[in-house]
Amino acid sequence: MDVFALRDQLIDDYRRYVESFLRIRDARIRAYVEASLAGGVLWPEPLLQLNPAFESGGTIDDLVGTGVLHPECQRIFRLKHDQRDSGAPLTLHRHQAEAITIARTGRNYVLTTGTGSGKSLSYIVPIVDHVLRRGPGQGIQAIVVYPMNAHANRQEGELEKFLTYGYPDGRGPVTFAKYTGQERDERRQAILSNPPDILLTNYVMLELILTRPAEAALIREAQGLRFLVLDELHTYRGRQGADVALLVRRVRDRLSSPAMQVVGTSATLAGEGS
């Protein structure tokens with residue numbers, strides 16, 4: 001199949017569809033619109049990208065062996081297919097291993113790397129390691145903030161594979177929950193009654209959690225928060241970026257967490273240097 005011919009066919013079909021709605025009587029406006037359409041204003045040129053082979057950073061088992069990660073991480077972070085699967089060893093990319101090592105220092109960090117390169121593991125592994133070392137069930141120890149609920153839904157599915165697969169009755173040592181505007185009231189009440197170790201939400205809901213009396217239990221259980229993660233960091237720019245920057249400061253103050261570690265990830269942020 002010729003992908004470029006397919007692209008041209010799709011664009012031509014779409015162009016005819018768009019033009020079927022246009023009935024412009026003014027000659028000058030009609031000429032401008034037709035020239036703009038002919039110039040491809042509504043359809044960009046084909047984009048060619050290479051999918052790089054990321055440099056290996058060793059396995060989770062290697063990091064456990066050197067004491068960087070808690071021993072239980074060796075059981076959690078494996079490639080699993082279902083609830084009964086104990087999984088195969090998970091090999092990290094170099095940037096993932098470096099992020100995990102940096103996280104142990106307690107420093108804030110931002111990871112920017114390509115789409116599909118496992119950005120979420122760069123913060124999920126350190127968070128789970130921290131929960132295991134400190135002890136599960138001691139309140140909310142990490143809040144992961146997503147710009148859209150779709151991102152939170154996808155991450156919830158990934159966490160289910162790691163944190164529940166391979167454990168009896170799907171009950172792993174580290175708990176997690178998604179708290180957005182999509183959950184039914186009974187689910188929200190269950191979370192308020194028994195807060196998880198890791199809370200997934202969006203920045204609007206996090207703002208509401210800080211202000212609404214109904215979420216006072218979450219505030220109480222998140223005191224001394226260790227991790228605040230901002231996924232898709234590039235979306236927070238302009239006025240929205242200023243709002244989120246203030247939100248981070250408010251979270252640190254409201255949760256009495258001067259040592260809170262802030263992590264950002266993005267596939268589109270770029271800058272000079274390493």
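Predicted model: local features only at pLDDT ≥ 70, side-chain atom pairs only at ≥ 80, totals over all residues.
Helices here are DSSP runs (H or I) of at least four residues and strands (E) are runs of at least two, numbered from the N terminus.

The contact (heavy atoms within 4.5 Å) involves Tyr203, Leu206, Glu207, Leu210 and Thr211 of H9, which meet Gln240, Val244, Leu247, Arg250, Val251 and Arg254 of H11. Sorted by class, the contact of H9 with H11 comprises 6 nonpolar, 2 polar and 3 charged residues. Nonpolar covers Ala, Val, Leu, Ile, Met, Phe, Trp, Tyr, Cys and Pro, charged covers Asp, Glu, Lys and Arg, and polar covers the others, Gly among them.

Next come two loop residues. Aspartate 169, although not a glycine, has a positive phi of about 60°. Aspartate 169 sits in the loop between helix H7 (149-164) and strand E7 (176-178). Aspartate 169 is exposed, at a relative accessible area of 75% (buried is under 20%, exposed over 50%, partly exposed in between, with a 1.4 Å probe and protein chains only). Serine 256, also a residue other than glycine, has a positive phi near 50°, and its place is the loop between H11 and strand E10 (261-266).

Residues are numbered from 1 along each chain as its sequence is written. Local features need pLDDT of at least 70, side-chain atom pairs count only at pLDDT 80 or more, and totals for chains, interfaces and linings use all residues, while side-chain values use heavy atoms, leaving out hydrogens and water.
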